[in-house]
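Subject: Handover of a structure for your work

Dear colleague,

Please find the structure below, together with its sequence. My notes on what was found in it follow directly after.

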Amino acid sequence: MSESHSAHYNEGLIKKYLFSTDHKIIGMQYLFTGIFMGLTGAFMVYVFRMQLAFPGIHVPGFGLVSQAAYNALVTNHGAIMIFWFAMPVLIAAFGNFLIPLMIGCDDMVFPRINRLSYQIFFLSVIVLFASFLVPGGGFGGAWTAYPPLSAKAEYNLTPMGAPLWLIAVALEFVAFLLGGINFITTLMNARAKGMKMYDVPMVIWMIVIASLLFMASVGPLIAGAIMLLFDQFIGTSFYDAAKGGDPMLWQHLFWFFGHPEVYVVLLPPLGMAVEVITTFSRKKLFGYKTFLHSVYITGILSFVVWAHHQFVAGIDPRMANLFAITTLIISVPIAEICFLVMATLYGGSISFTTPMLFALGFIIEFIIGGVTGIFLGASGTDIFFHDTYFVVAHFHYTFVPIAVIGFFIGIYYWFPKMFGRMMDERLGKIHFWGTIIPFNLIFIPLFFLGMYGEHRRIYNYQHFPELNTPGLYFLRELATVSTVVMLAFQTVFFYNFVRSLWKGKKAERNPWKANTLEWVAPSPPPHGNFEKMPEVYRGPYEYGVPGRSTDFWPQNEPN
Amino acid sequence: MSDSHPTSQAHPHPNYFKIWGTLVILLIVSVLGPLIGIPLLTLMTAFGIAVVKALMVAAYFMHLNVEKKIIWYILLICLTLMFLFFFVIAPDIMNHEGTNWHSIGSAVKNSDVVHH
Amino acid sequence: MSSCTIPIANTRSVTGIRTAKLATWWIIGSEIVIFGGLLVSYLLLRLHNLDWAHDAAHTNTWAGAFNTFVLLTSSYFVVLAHQAAEERNGAQAYRYLWYTIGGGLVFMLVKAYEYGTKIHHGITLSSGVFWSFYYTATGLHGCHVLAGMIIMAFVAHAAKKGENLHRVECIGIYWHFVDVVWIFLFPLLYIAK
Ligand code: HEM
Ligand SMILES: [Cu+2]
């Protein structure tokens with residue numbers, strides 16, 4: 001079978017950009033929709049953080065924050081950042097863009113299913129926005145949507161908002177199931193000639209393993225969502241203890257998915273960090289197989305830790321013991337992964353480019369997130385910490401590196417490939433420090449607030465005398481002001497992004513002198529990607545091999 | 001284009017009619033089993049036979065007996081997860097008190113179940 | 001081919017399993033966990049609330065048994081369609097696929113009859129959690145039957161012209177899976193009383 005391109009890809013503009021089946025265009029659609037949703041989620045956090053630090057304030061750009069609005073803002077902030085920002089950007093956008101390029105083929109195996117996946121995702125966005133506009137307003141029962149609050153309109157007061165929110169989430173799941181199956185089969189079946197299992201770049205492994213984890217964990221929640229919808233719409237009692245149902249069932253269905261989900265979003269940026277760190281320290285990834293196997297183990301263990309979210313929900317205490325142990329065990333492979341990254345850096349010739357700074361920031365900040373998870377994973381200490389701002393700080397120290405920093409790792413590194421131009425390094429560095437410093441200033445105060453007993457999901461702390469002290473308000477204000485500063489610094493990024501699109505230095509094929517196959521294609525790659533389908537002769541991280549004139553050795557170079 | 005494919009190697013087809021016949025007989029047994037009225041037997045005829053039937057359909061109709069092993073692994077992993085899910089949450093959903101604890105949320109439950 | 005050019009990616013087959021079939025298996029994997037989640041929930045609550053047996057006594061075992069028979073038989077037809085497709089006999093595959101769709105139709109009619117009589121007796125989705133599970137599980141399964149029938153009609157249409165014959169096997173695998181789900185729903189809802 002000869003693999004050359006005879007077909008011409010001539011399409012009209014609308015067909016090309018809106019109904020394209022090209023994986024790169026679909027990746028862009030996911031990217032820009034995801035960025036837009038990320039900005040929406042960011043606006044929400046700005047509004048409710050203002051309310052928390054300055055209760056009763058007329059928030060500029062929003063107005064007075066009512067209790068119902070506050071709940072809806074917090075709920076949708078969480079849901080949007082995870083389901084409509086982290087997942088579409090990290091998995092769908094980068095997955096779509098990178099998988100075919102990095103495994104050396106011209107597209108996904110099912111381009112039209114790929115397009116359908118984006119269309120369903122887009123529909124979910126519309127339904128989500130519709131849920132804000134219906135009578136009663138948007139859903140405010142937290143992103144975890146525990147019944148009975150989420151199940152009964154008498155309690156949540158959003159008779160339309162709650163079901164629409166749930167439908168939006170379910171649609172998003174369907175979109176990612178379709179996309180995920182496409183990713184998995186593409187990696188399994190469409191690799192370039194010569195690319196063996198251990199020649200696959202780590203970021204591709206990570207995205208595909210993430211899709212696998214998602215696929216295997218989301219099923220029960222889809223079933224659970226149908227049951228919850230019926231409870232909301234038709235008046236069934238699946239989750240109503242008084243009528244023979246069980247509200248705990250939802251918590252299990254949710255967290256059986258919910259915990260693997262945190263690894264679903266963690267793995268792709270971890271893979272991106274690996275690509276960037278190997279490239280900019282000009283060293284081979286330390287322990288490729290160990291890395292991969294640690295991730296396998298993490299993936300498997302991620303299915304047996306979920307009840308650590310329910311330690312104080314009234315679960316069987318014997319089970320709480322088991323889950324505390326598994327939760328502590330899962331830190332071992334995660335720690336292993338971090339050590340491998342450090343070993344890769346050790347003795348490398350490191351250049352601190354913007355993507356490299358973000359990759360290092362990712363690892364360092366994530367470690368703080370993981371370490372604080374241990375306090376929560378011990379079922380004894382969690383009795384104190386549960387549902388305080390300590391938890392909020394913990395998962396933001398994991399999620400912000402993942403979603404925000406991870407997104408920047410990917411963009412700064414692959415921008416030349418995506419758009420054919422370089423981004424400005426100086427602006428990139430300003431943006432990096434303007435993001436990372438305020439980020440820590442937001443969440444370190446939250447750790448302390450949590451330790452002082454600040455309960456989360458409270459609209460106004462003035463109603464609680466012991467939480468209404470000037471000291472605590474200082475910490476809240478510090479967090480809020482830092483939020484505003486961090487958001488403000490993002491304008492540097494967007495300025496850089498847009499300016500570089502038109503004015504950036506033209507990028508060559510391989511501006512970073514990296515080994516993986518995407519750098520073999522032109523920047524930006526045309527429809528069909530490669531002039532001639534590449535073949536693979538070695539692993540992706542052959543940097544600084546002694547006895548070669550260059551310090552890198554592309555995967556497709558026959559010696 | 002389909003000729004360029006490594007088409008699923010043409011394997012000999014078993015006698016599907018026989019398999020169908022066996023499945024129907026098994027079905028009849030599983031329906032008649034409960035008529036004898038021994039609960040344990042009902043359980044065995046109902047669920048034991050369901051498993052056998054499912055395995056037969058999977059092996060012969062879905063050709064898993066000649067398919068690459070990896071497919072079995074995919075399916076078994078998914079099934080294992082469901083067993084795990086069952087056994088781990090069973091203590092919560094099916095048991096509402098222990099030596100030093102009882103679940104308040106479900107306290108109302110046993111006393112006032114609605115009957116039809 | 002159609003207006004959409006088939007990418008080179010789709011013509012590769014590193015695992016030795018054809019891409020379309022591989023994807024079908026992944027879809028089934030994801031369906032196992034969806035149905036699995038629902039059935040595990042049902043089983044847990046059912047084992048906890050033993051008095052649901054009173055409700056379960058009202059399901060129509062004979063209708064359920066007949067439907068099992070119908071699905072088993074349609075599975076038989078679809079495997080014959082696959083055999084025909086492998087022998088590149090599109091017309092024959094087309095015929096068997098339509099027998100299968102016919103089986104699906106009978107199944108859905110019996111289902112409609114069951115639902116109809118239940119609703120007529122005032123038993124609806126919200127008449128207790130057992131019935132909620134009954135309608136949800138059989139309804140979700142019914143949706144899969146319906147979807148299978150529609151897709152199968154398209155596959156049959158192409159098969160008649162000798163196009164995309166490999167899809168006959170894929171839709172067959174899916175149909176068998178829907179059959180297997182029913183094989184478990186039947187004892188869970190109709191026999192365990
Ligand atoms: C070794 C690693 C980790 C451990 C031991 C750990 C442990 C925990 C525990 C025990 C909780 C429950 C706390 C409570 O509600 O009282 C928790 C909450 C949370 N964790 Fe982690 N975690 C780890 C990594 C991660 C990662 C990688 C992410 C995200 C990508 C993450 C995201 C979250 C989220 C979102 C919550 C709060 C959910 C909510 O209640 O809304 N965690 N973590
Ligand atoms: Cu967790």
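Between chain C and chain A, twelve residue pairs are in polar contact, both residues of each pair being at pLDDT 80 or more. The number of salt bridges between chain C and chain A is zero. Please note that these values, like those that follow, were computed on a predicted model.

On the side of chain C that touches chain A, at least two residues each come from helix 1 (8-11), helix 2 (19-48) and helix 6 (129-160) of chain C. Helix 2 of chain C provides the largest share, with 14 residues. Sorted by class, this side of chain C comprises 20 nonpolar, 16 polar and two charged residues.

In total, 38 residues of chain C meet 47 residues of chain A in this contact. The two chains bury about 3,400 Å² between them, and carbon and sulfur atoms account for 72% of that area. Of the area that chain C buries against chain A, 21% is supplied by I8(C), R12(C) and W26(C), more than by any other three residues.

Chain C also has an interface with chain B, to which chain B contributes 51 residues and chain C 58 residues. About 4,900 Å² is buried between chain B and chain C, with 76% of it from carbon and sulfur atoms. How many salt bridges does the rule find across the interface of chain B and chain C? There is one, and it joins the side chains of K21(C) and E67(B), with an N to O distance of 2.8 Å. Four residue pairs, both residues at pLDDT 80 or more, are in polar contact between chain B and chain C.

Seen from chain B, the elements giving two or more residues to the side that touches chain C are helix 1 (16-36), helix 2 (39-61) and helix 3 (69-94) of chain B. Helix 3 of chain B gives the most, namely 13 residues. The side of chain B that touches chain C divides into 34 nonpolar, 13 polar and four charged residues.

As to chain C itself, its secondary structure consists of seven helices and zero strands. The C-alpha trace of chain C spans about 55 × 30 × 25 Å along its principal axes.

I turn next to the metal sites in chain A. Which residues coordinate the copper ion (ligand 2)? The donors are H259(A) through ND1, H308(A) through NE2 and H309(A) through NE2, at 1.8 to 2.0 Å. Their spacing in sequence is H-x48-H-H. The site links distant parts of the chain: H259(A) belongs to helix 8 (residues 247-281) of chain A, whereas H309(A), 50 residues apart from it, lies in the loop between helix 9 (288-301) and helix 10 (317-345) of chain A.

The copper ion (ligand 2) is 4.5 Å from the iron atom of ligand 1. For that iron atom, the only protein donor is H394(A), whose NE2 is at 2.2 Å. H394(A) is located in helix 13 (residues 389-419) of chain A.

A cis peptide bond runs from P147(A) to P148(A), with omega near 5 degrees. P148(A) is placed in the loop between helix 4 (111-133) and helix 5 (153-156) of chain A. The loop between helix 4 and helix 5 of chain A also holds A142(A), which has a positive phi of about 75 degrees although it is not a glycine. A further cis peptide bond connects S523(A) and P524(A), with omega about -10 degrees. P524(A) sits in the segment after helix 15 (470-503) of chain A.

Finally, a remark on confidence. The mean pLDDT of chain A is 94, and 98% of its residues reach 70 or more. Over residues 1-8 of chain A, however, pLDDT stays under 50, and the model has eleven contacts beyond four places in sequence for these residues. Where pLDDT is low, the predicted coordinates should not be read in detail.

With kind regards

How values were computed
Residues are numbered from 1 along each chain as its sequence is written. Chains are lettered from A and ligands numbered from 1 in the order in which they are written. Side-chain values use heavy atoms; hydrogens and water are left out. pLDDT is the predictor's confidence in each residue, from 0 to 100. Contact means heavy atoms within 4.5 Å. Donors are N, O and S atoms within 2.8 Å of the metal (3.2 Å for Na, K and Ca); water is not among the atoms, so sites may look incomplete. Helices (H or I, at least four residues) and strands (E, at least two) are DSSP runs, numbered from the N terminus. Buried area is the accessible area (1.4 Å probe) that two parts lose on being put together, summed over both. A salt bridge is a side-chain nitrogen of Lys or Arg within 4 Å of a carboxyl oxygen of Asp or Glu. A polar contact is a pair of N or O atoms within 3.5 Å; within protein, one must be able to donate a hydrogen and the other to accept it, and residues adjacent in sequence count only if both atoms are side-chain atoms. Ala, Val, Leu, Ile, Met, Phe, Trp, Tyr, Cys and Pro count as nonpolar, Asp, Glu, Lys and Arg as charged, and the others, Gly among them, as polar.
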